[in-house]
Amino acid sequence: MVKDIATPARTQEILKKHGFSFKKSLGQNFLIDTNILRNIVEAASLSDSSGVIEIGPGIGALTEQSAKVAERVLAFEIDQRLMPILKETLAPFPHVNVIHKDVLKANVREEMAKFFYEGQDVAVVANLPYYITTPILMKLLEDKLPVRVIVVMLQKEVAERIAAAPGSKDYGSLSIAAQYYAEAETVFTVPKTVFIPQPNVDSAILRLTIRDKPPVRVNNEERFFQIVQASFAQRRKTLLNNLSAYFKDTLSKQIVAEKLQGLNIDPKRRGESLSMEEFARIENNMSEDE
Ligand code: SAM
């Protein structure tokens, strides 16, 4: 029987055979621990009728573990040098399709429609390239793709920021942006030692369970996110100072203060103490669409 790709010996053998050299600029840190890979796949609760989307299959270590469980796997890989390697390592899994594309430029919805059947249970399962973690996640969420869950490995600090609750030091506009679309939780952390080459940062597995609908109602999503961002623009400033900078062309500081008080939100609070519902209250009552 062929050994799993993620064992240190088999990974080294594959890399050597193909003369592969890592590109730091592409965030290439490959996992060499099969147990961790299995745990990542398990966190997505796949069934034998599930579809999986992977971003950055590398030499196929995680792809192989997903392919053992799921019905179909669709992977996007930017590095042309990995394509012949993946063809070889994933040969036992004809239900895997690797597309040579930058995921940020790909039309993921269209590729999904071509590859998965309508209504298929689909999960994103990936060990993300760390230099573009946030843009990838925000693209997947904002595009409102038909996926049930996103289970990804990323920098521990970013996972903590995404899953943070109001009042914690990690809570910010990224937490709200992600939690508007999904329930976020850190499933487990992963030491640097299970990668080659070893990254400089610790990692964590983040699970984003996509919501049927956002937890708050807003008039205008774009402005809601602008207000959230503005409220965190200078973390040490009060909500009043940050928001009056945002509304400077339309509302005086005095009016902003009065409006916040009218919404039962103390203008002296800082953005990091506000719940998503409070931000939605601000957007619903202080926007020009009123
Ligand atoms: N999945 C493999 C593993 O767990 O060992 C490799 C993960 S490695 C952290 C990230 C992978 O993403 C690399 O294979 C890299 O070439 C690929 N990648 C980087 N930027 C990408 C992009 N914009 N679109 C698609 N793949 C990308």
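This is a predicted model: local features need pLDDT of at least 70, side-chain atom pairs count only at pLDDT 80 or more; totals for chains, interfaces and linings use all residues.
I then looked up the contacts of Ile14, setting aside neighbours within four places in sequence. Ile14 is in contact with Ile5, Ile59, Ile85 and Thr89. I also checked the separation of Ile14 from Ala61: the two residues are 47 residues apart in sequence, and their C-alpha atoms are 11 Å apart in space.

Next I turned to the annotated positions. Under "binding site", an unreviewed UniProt entry lists Asn29, Leu31, Gly56, Glu77, Asp102 and Asn127.

I located Asn29 in the loop that runs between helix H1 (8-17) and strand E1 (30-31). Is Asn29 buried or exposed? I counted Asn29 as buried, because 23 C-beta neighbours lie inside 10 Å. Beyond the residues within four places in sequence, the contacts of Asn29 are Phe195, Pro197 and Pro199.

For Gly56, I noted a place in the loop between strand E2 (51-55) and helix H3 (61-69). Gly56 has 23 C-beta neighbours inside 10 Å and so counts as buried.

Which residues does Gly56 touch, not counting those up to four places away in sequence? I found Glu77, Ala126, Asn127, Leu128 and Pro129.

Notes: Residues are numbered from 1 along each chain as its sequence is written. UniProt positions are given in the numbering used here, feature names are shortened, and annotations may be inferred rather than shown by experiment. Helices (H or I, at least four residues) and strands (E, at least two) are DSSP runs, numbered from the N terminus. A residue is buried if 20 or more other C-beta atoms lie within 10 Å of its own, exposed if 12 or fewer, and partly exposed in between; C-beta atoms are placed from the backbone. Two residues are in contact if their C-beta atoms, placed from the backbone, lie within 7 Å.
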